[in-house]
Amino acid sequence: MTELGDSCIVIPADIQNKIMAWCLSSLPDEGCGLLLGFSDKGFVVDAYLAQNAAKSAKLYSIDGKDYLRADRQAEQNGYEIMGVFHSHTHTDPYPSPTDVELAPDPNWHYVLVSLRHEVPVMRSYRIVDSQIAEEPILPEEP
Amino acid sequence: MAIEVRLPTLLRSAAEGQSVVKTEGDTVGEVLRNLAAGYPGLEGQILTGDGSLHKFVNVYLDDDDVRYLDKLDTKVQEGSVISILPAVAGG
């Protein structure tokens, strides 16, 4: 069982920038993608930039083919899909009720990027049994 | 024939930690039903009670979403790979 409140996520600065740039370029729709890396260490090695199949400013849905490609890319490189990121175009970087309801995996990390203000704001969460816990984002391993 | 079924991380604990399981069947539905029969923890995670695909998963036969083929009646061939993927969405 995943414990809440004692995790962190390491997202190197270049990958943080890649995620935020993708979210900005996806406007007016929500941007989304998958986090590739090592789930047990909370270490993100790369971000897979996915198409938002929902094509919406209020919803996102990772295109199935993108998931398949990301899964293969992760396997070839010896890591795994460890989470998902998406943007909130007009609200704060906090999981919406829909995000919580549809969160597929308690072991995943859920990264939110708010584009509500001029400067994007990124936060990360664990979601287990509908409970939300924010975790710190570190640019390198402590 | 035995078909390779790839499982997402979420479902691996129900299949003894395996990421790939070889399962018998001639159609996608037959393979998935046999998979669930072999690993009861997968029961209800891939197929619903009425035998249709669960809305929270996407199933691909090689590079194609089976919803756009013949769904669970899609025939599999020697060497085919079935990938079960979580549907990832939110708001």
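What follows is a set of questions and answers on this predicted model.

Me: How many residues of strand E7 of chain A are buried?

Reply: Strand E7(A) covers residues 121-128, and a residue is called buried when its relative accessible area is under 20%.

Me: Which residue stands opposite Val121(A) in the pairing of E6(A) with E7(A)?

Reply: Strand E6(A), residues 109-114, is joined to E7(A) by five bridges, and the two strands run antiparallel. A hairpin of six residues leads from E6(A) to E7(A). Across the pairing, the residue that stands opposite Val121(A) is Ser114(A).

Me: Which residue takes a positive phi in the hairpin of E7(A) and E8(A)?

Reply: E7(A) also pairs with strand E8(A), residues 131-135, in the antiparallel sense and over five bridges, and in this pairing Val128(A) stands opposite Gln131(A). The hairpin has two residues between the strands, and the one with a positive phi, near 50°, is Asp129(A).

Me: Is Ser39(A) buried or exposed?

Reply: Ser39(A) is found in the loop between strand E2 (32-38) and strand E3 (43-50) of chain A. Beyond residues up to four places away in sequence, it touches Glu80(A), Met82(A), Asn107(A) and His109(A), and its side chain reaches the backbone oxygen of Asn107(A) at 3.4 Å. Since its relative accessible area is 18%, Ser39(A) is buried.

Me: Which strands stand at the edges of the sheet in chain B?

Reply: Five strands of chain B form an open sheet with mixed pairing, in the order E2-E1-E5-E3-E4. Two of these strands each have a single partner strand, so one side of each is left without a neighbour in the sheet, and these edge strands are E2 (20-24) and E4 (64-65) of chain B.

Me: Which residue of E5(B) is the bridge partner of Val5(B)?

Reply: The mixed pairing of this sheet can be seen at strand E1(B), residues 2-6, which pairs with E2(B) in the antiparallel sense over five bridges. With strand E5(B), residues 81-86, E1(B) instead runs parallel, joined by three bridges. In E5(B), the bridge partner of Val5(B) is Ile82(B).

Me: Which residues make up the covered face of E2(B)?

Reply: In a regular strand the side chains alternate between the two faces of the sheet. In E2(B), the uncovered face has Val20(B), Lys22(B) and Glu24(B), and Glu4(B) stands opposite Lys22(B). The covered face is made up of Val21(B) and Thr23(B).

Me: Which residues of chain A lose the most area to chain B?

Reply: The two chains meet through 25 residues of chain A in contact with 17 residues of chain B. Together they bury about 1,800 Å², of which 54% is on carbon and sulfur atoms. On the side of chain A, 27% of the buried area comes from the three residues that lose the most, namely Tyr67(A), Leu68(A) and Leu102(A).

Me: Which residue of chain B forms a salt bridge with Arg72(A)?

Reply: Between chain A and chain B the count is three salt bridges. In the one formed by Arg72(A), the closest N and O atoms are 2.8 Å apart, and the partner is Asp63(B).

Me: Which element gives the largest share of the side of chain A that touches chain B?

Reply: Between the chains there are 11 residue pairs in polar contact. The elements of chain A that give two or more residues to this side are strand E4 (60-61), H2, strand E5 (80-88) and helix H3 (97-102). Helix H2 (residues 64-77) of chain A lies across E1, E3, E4 and E5 of chain B, at about 105° to E5(B). The largest share, seven residues, comes from H2(A).

How values were computed:
Residues numbered from 1 in each chain as written. Chains lettered and ligands numbered in written order. Predicted model: local features only at pLDDT ≥ 70, side-chain atom pairs only at ≥ 80, totals over all residues. Heavy atoms only, no water. Buried < 20%, exposed > 50% of the residue type's maximum accessible area, 1.4 Å probe, protein only. Helix = DSSP H or I, 4+ residues; strand = E, 2+ residues; numbered from the N terminus. Pairing = 2+ DSSP bridges. Contact = heavy atoms within 4.5 Å. Axes fitted to C-alpha atoms, helices over the stretch in contact; angles between N-to-C directions. Buried area = accessible area lost by both parts, 1.4 Å probe. Salt bridge = Lys/Arg side-chain N within 4 Å of Asp/Glu carboxyl O. Polar contact = N/O pair within 3.5 Å; in protein donor to acceptor, adjacent residues only side chain to side chain.
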